[in-house]
Amino acid sequence: MIAWMPVWRIVAAAAIVCATYPAIAEIPMSERKSGYEFMGPDSRAMQDEDTANPGMLSVLDGEALWKRKAGAAGKSCADCHSDARTSMKGVAARYPAFSPAVNRPVNLEQRINMCRTDRQQAKPFPYESKDLLSLATFVGRQSRGQPISVADDENTRPFIDNGRAAFTRRQGQLNLSCAQCHDDNWSGRLAGSPITQAQPTGYPIYRLEWQSVGSLQRRLRNCLTGLRAESPALGAPQLVDLELYLMWRARGMPMETPAVRP
Amino acid sequence: MTARALINVPPKAKRGEIIGIKSLISHEMETGFRPDATGQPIPRNIIKEFVCTYNGVEVFRAEFFPAMSANPFVSFTTVANESGTITMTWTGDNGFFATESVAITVE
């Protein structure tokens, strides 16, 4: 109950704030900021120090899973990819990436599950399960500091455009688009909290409100619930397209996984 | 899966120096006040006590309560008197027990 009240107030305030400002275009490259820059010194210190960052617990769990054999094939991730510190460096910064197998982009969690079903012949992990998040956090950690660089080519462009359309489309009972807050009003505040630019630089994140790590899709569904819009299921193509657009929008910004956010 | 802990103790210190000790342990710290999807209360499952000893001498003790966050982080200071081992233990509900030790060299 406690967690719900501020959300209700935030969206009500959003309706008022956004109605009074004219729409402006995408954020210029030079003005882009990670959510990190909107945080207070305590939260920054928590993210900066590996022994204080609770996301690192997930990285350790992921490292153990990386080495564990699984499935009918009896293979571990390490059997094919060996040392993640070299083989996975920069990989998470390129996701969501186009997969010819399904003829559309897949996010990192989906790619891990494809490996699980095809190579390890194991059951895929459920979305937002501890194991899937741990592996994604561990793989993501190997890209810390690397610039975000999702492919922008003839394969991915239609899906980036889909994501942009979703970002700028008014939806929900509040009839707001993502862009009205995160492009037009990111320097403002809602109910005391800063409105950020929605740059997905550190996923999976350790969110203090969640008391756990969570994926970008979980975060997107939070915002959609706040708009009182219908949330697509975890793993839905619409959410992957939106993820892809957001990563494209944050192109060149350094990865922070596992980031800490309030 | 066993609990994972992250410990930050300076490996070396000067005699008499005040050193910072930081610890983070994975634990869900379930309050006991939340219902599950069927409306049944989820039983409490928390860490109840944290103790730090320095060469066997207790230097810090804390009681934990249901209102504390998941994955509790504890930071405190002590005086580095001698080389040896700093040991931390966490005990809690359902027989939870975890311990971690780190060495420190005092010059």
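This is a predicted model: local features need pLDDT of at least 70, side-chain atom pairs count only at pLDDT 80 or more; totals for chains, interfaces and linings use all residues.
Local features are taken at pLDDT of at least 70 and side-chain atom pairs at pLDDT 80 or more, while totals for chains, interfaces and linings use all residues. Residues are numbered from 1 along each chain, chains are lettered from A in the order in which they are written, and side-chain values use heavy atoms without hydrogens or water.

View 1. Helix α6 covers residues 108-118 of chain A, helices being DSSP runs of H or I with at least four residues and strands runs of E with at least two, both numbered from the N terminus. Its buried residues (under 20% relative accessible area with a 1.4 Å probe, protein chains only) include A:L108, A:I112, A:M114 and A:R116. The buried residues of α6(A) pack, with heavy atoms within 4.5 Å, against the strands β1 (97-99) and β2 (104-106) and against α7 (130-141) and α11 (237-249) of chain A. At the start of α6(A), a side-chain oxygen of A:N107 comes to within 3.3 Å of the backbone nitrogen of A:E109.

**View 2. The second largest pocket.** This pocket, with a volume of about 340 Å³, is lined by 21 residues, of which A:H81, A:M88, A:R111, A:I112 and A:C115 lie nearest its centre. A pocket is an open set of points on a 1 Å grid over the protein atoms alone, where a 1.4 Å probe fits, with protein on both sides within 12 Å along at least five of seven lines, and lining residues have an atom within 4 Å of a point; the volume is the space filled by probe spheres set on the points, which are joined across faces, edges and corners. Helices α4 (77-81), α6 and α7 of chain A each supply at least two lining residues, and α6(A) gives the most, with 5 residues.

**View 3. The contact between chain A and chain B.** Chain A brings 15 residues to the contact and chain B brings 14 residues. The buried area, that is, the accessible area (1.4 Å probe) lost on putting the two parts together, summed over both, is about 1,200 Å², with 60% given by carbon and sulfur atoms. A:T51, A:L57 and A:Q211 supply 45% of the area that chain A buries against chain B, more than any other three residues.

**View 4. Chain B.** Chain B has 0 helices and 8 strands, and its C-alpha trace spans about 60 × 25 × 20 Å along its principal axes. Of the 107 residues in chain B, 38% are buried.

Methods:
Buried means under 20% relative accessible area, exposed over 50%, partly exposed in between (1.4 Å probe, protein chains only). A polar contact is a pair of N or O atoms within 3.5 Å; within protein, one must be able to donate a hydrogen and the other to accept it, and residues adjacent in sequence count only if both atoms are side-chain atoms.
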